[in-house]
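I open this notebook to keep a record of what I looked up, in the order in which I looked it up.

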Amino acid sequence: MANPNRRGQAGSPVSTGSTGATATPFANTSAILPYGLQLKQTINAGTTSVTIPAGITWVYAICAGGGGGSTAGNAGGAGAGGLSWGWTLANTTCVVGAAGSGNASDGGYTRYGNIIAGGGAGCAGNNGARNAPALGGAGSGSTNNAGSGNGGNGITNYFGISGGLGTTVLPRIGNTGSGAGGGGSNAAGDGPAGGVGISGGGGGVGTTKGGNGGNGLIGGGGAYRSSSGNYGDGGTGINVLTGVTTLGVAGTSTRAGGGGGIGGDASGSTGGLGGGGAGTPASGSSSGGAGILYLFY
Amino acid sequence: MSATIYSNSSFTDTPYGLSLRQTIVASTSSVVIPTGIQRVYAVVIGGGGAGSTQTTGGGGGGGAGGYSAGWTWITSSATVGAGGTGTTSSGVGANGSASIYGMIFAGGGSGGLNSTVGGAGGGATTPTGSTSTTSYTGAPAAAANTVGYAAGGGSGAAGAAGVSSGGGAGIATATGTQTGFAGGRGLIAGGGGGAGTAGTGTGGAGGTGDFFAGGTGTTGTGITFGGGGGGGGYLGVGANASANAGGNGGDGGGGGGAGSTLGKGGNGGGGAILLYY
């Protein structure tokens, strides 16, 4: 049946997903997109003002924080940016997070009204400390030279869904979470993958192959390898407007792939638009995907 | 079963299409809801924290009051939290108080610490110190200098940004040119940190809110300057500092600006409840 809920079906914990023999509440709707509303504005990083038409009091916002950045050499993949969504009162200002770019550079946060998502963790090369990402952001992969380190921890998100932890427990794959944990490192074999989640963790460093970024609504970046195999693949994301998978890029013998964002595919080691985590680049620095803000009303 | 859930507005969880009907700002108020309205969408804001002051140097700005929103059954009473009251005594600033309507509640912002550190923004409950509390949505607490729904206070830095931002840090050094840190940017903003110095001191600006600006800090030579500006609230601007006294936070939870050299810390802005139906 057609959903006659004209005021929109919010992605709210107390949902309209009530059971009923004659109703299919979630048919053709998503848990994130507000049924019946139209996407009116897509706002990119760096924009700080918003014009909402007169008469619009409430706006449904989807916020993605920027993906973390990475650096060449002994470096893991970066974590994906956080994602949050819900209703907020309309206003004229916004913050859309920039991508992290380079060594240990975290993505910026995105906020519209009371909807806020943090950035993903940037990866520090050469056994650098794992940054703590913000609000829903995913952790970066490990670069521990001894090959036994844990990836960075993901962070609990806007809705209180726990983040995934990085771990030293074999096979050191990052744990699942709203912001997933980064992959650990491996001194003899493939690098551990980043955790899967809403926001995927960055892959960890290995010898024969770099760890892959974790999949999610936003994908994490792939990691370096110290021997002769390929670097890690970027994790896949999902375009929340269409439901189509956004592609992480496959790793090559010279660089890892970035993770797909909620707004676009990755490109080389650069994360996709909408928070994709950066992969380890061939040289210099790589950037995550910039944050993005979608407004529906 | 043949219930049509979509014809019953009680099953609709979006506030889309609702209008603001009541704004409650008194400390405690009775509420009259028209007959036939069984639930309302409430925006609840706690009181802002007061700025602190120090015997030497500047105190920390107060954190912004918490922000919570959602559907609730109606009630005939509401509690609106007061902002923390600033003093001229060296020590912590007073926390803001919590606000509650039905099952929606928000904590006050933390007062500035008994140091230069700014207070955290309020979550669902009231923090004490530079680490915030979990928010009504479940978003996690944030440590000092950390972005969050309820953000951490500034420690040697501007207040962290968030929905409810943290207060800015003050400066302990009492010689030379010194500038306090600004309150964090947010939907509701924290107060600026203070700077008390024999040289040129400038108090930190109050944080910029989405709807209202923060106040400015004062600038001048000597310890009678350097108060921090009040943070922008949900319903009003933050006040400018005056001499070495911090500016009051804006109505609707703005954090108070810090005082310096025993200048009075700014009061936090009072909380508010906004009802939509």
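**Entry 1, ground rules.** I am working with a predicted model, in which local features need a pLDDT of at least 70 and side-chain atom pairs count only at pLDDT 80 or more, while totals for chains, interfaces and linings use all residues. Residues are numbered from 1 along each chain as its sequence is written, and chains are lettered from A and ligands numbered from 1 in the order in which they are written.

I looked up the elements of chain B and found 14 strands and 0 helices, where helices (H or I, at least four residues) and strands (E, at least two) are DSSP runs numbered from the N terminus. The radius of gyration of chain B, taken over C-alpha atoms, is 19 Å, close to the 19 Å that the globule rule (2.2 Å times the number of residues to the power 0.38) gives for 277 residues, so chain B is as compact as a globular protein of that length. I also noted that its C-alpha atoms fill a box of roughly 75 × 30 × 25 Å along the principal axes. Of the 277 residues in chain B, 73% are buried, that is, with 20 or more other C-beta atoms, placed from the backbone, within 10 Å of their own.

**Entry 3, a sheet in chain B.** I traced an open sheet of 3 strands in chain B, with the order E10-E12-E13 and mixed pairing; two strands pair if DSSP finds at least two bridges between them. Strands E10 (178-179) and E13 (219-221) of chain B stand at the edges with a single partner strand each, so one side of each has no neighbour in the sheet. E10(B) and E12(B) (residues 200-202) run parallel and are joined by 2 bridges, and B:Gln178 has B:Gly201 in E12(B) as its bridge partner.

Chain A averages a pLDDT (the predictor's confidence in each residue, from 0 to 100) of 87, and 88% of its residues score at least 70. Over residues 1-30 of chain A, however, the pLDDT is below 50.

Definitions and conventions: Buried ≥ 20, exposed ≤ 12 C-beta atoms within 10 Å, placed from the backbone. Contact = placed C-beta atoms within 7 Å.
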